[in-house]
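Here are a few notes to go with the model you asked about. Have it open while you read.

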Amino acid sequence: MQLLDRVRTEGVLQRLSWRLSWGMIPARQQREIVRELRASLDEAAAAGQLDDALARLGPPRQLADDYLDALQPRPRWAAGILAAGATIAVLILATTALAIAFGSGLDAADAGAGRYELWPDGPFGGQPLVVEERNDDGATVSASFALFTPLHLSATFAAFISASRPWLVLRRNGAGSSGQAV
Amino acid sequence: VEDERQLFRGAVRLLLLQRLARGESYGYAIVVELRDLGLVHAAESTVYPALARLEKDGLVAARLEASGRGAARKYYRLTAAGRQAHDRAREAWDTLARAVDDVATSEGDSHATA
């Protein structure tokens, strides 16, 4: 295949690949589709039929939509739950580390008795991220941190949505009406 | 033309099952073969997504084979489920074709009587 033809075919395949990834076709399946079409276009070019083959392929966007209708990628609920759980675990670990660091800072500063709050005006629903109570000796009486704040819940929800892709349910329902006749 | 295109899109699944019932083949060869049979709406844009759907539904299995003309070809063959689907689709098509013929014949008779 000549260089110009290669550039044309790769441009089409690249646009198709982008549309397929936008439609949530898994990367491995995208590669298989592109590889198959590349083989087809190579063969058409060898037969002097590349222009016809590219015309029959149509716009990459339409072709990608046809693949999406055919393959109907599904929501990944288990992946969403896993991502949400992982987000909660990371938030707990990160906040625990922050609480320990906060306590160490108070120790270093010889903080006396009292109630100490970290980030009381932060974006945690009007509550401090870490609260540490100390007695007269400067020892920690209790330490607690906020977890189910609007920010944490939003991060967990965002992780669930981005991993599970629930909008694909709508696409599947929409594609259900365009089934093939025979 | 749009009617013909829609008719082809409706029959492409059966055409692919029918073709693969004769033996394995790959996308580009099937497109060329269908066009040589006079199906001018047979195109890569229709055939490849339909093959992908058949593979997803487990009606065909695929294997890659190196080609001397560039990237490896993806060959498809019918599975056992594909053969059953082919038989059912063929029966449905025959019934439909007979019904169309019968309606056309009865219309011809009624015109002749009138």
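The points below cover some conventions, the strands, a pocket and one threonine.

1. This is a predicted model, where local features need pLDDT of at least 70, side-chain atom pairs count only at pLDDT 80 or more, and totals for chains, interfaces and linings use all residues. Residues are numbered from 1 along each chain as its sequence is written, chains are lettered from A and ligands numbered from 1 in the order in which they are written, and side-chain values use heavy atoms, leaving out hydrogens and water.

2. Look at strand 3 (residues 70-78) of chain B: strand 1 (residues 25-26) of chain B pairs with it in the antiparallel sense over two bridges. Pairing takes at least two bridges found by DSSP, and strands (E, at least two residues) and helices (H or I, at least four) are DSSP runs, numbered from the N terminus. Here B:Tyr26 has B:Tyr75 as its bridge partner.

3. Strand 2 (residues 60-67) of chain B also runs antiparallel to strand 3 of chain B, with seven bridges joining them. In this case B:Glu65 is partnered with B:Arg73.

4. Next, which helix of chain B gives the most to the lining of the second largest pocket? That's helix 1, with seven residues.

5. Now find B:Thr46, in helix 3 (residues 44-56) of chain B. B:Thr46 counts as buried because its relative accessible area is 10%; the cut-off for buried is under 20% (1.4 Å probe, protein chains only). B:Thr46 touches B:Phe8, B:Arg9, B:Val12 and B:His41, not counting residues up to four places away in sequence, where contact means heavy atoms within 4.5 Å.

Terms used:
Buried means under 20% relative accessible area, exposed over 50%, partly exposed in between (1.4 Å probe, protein chains only).
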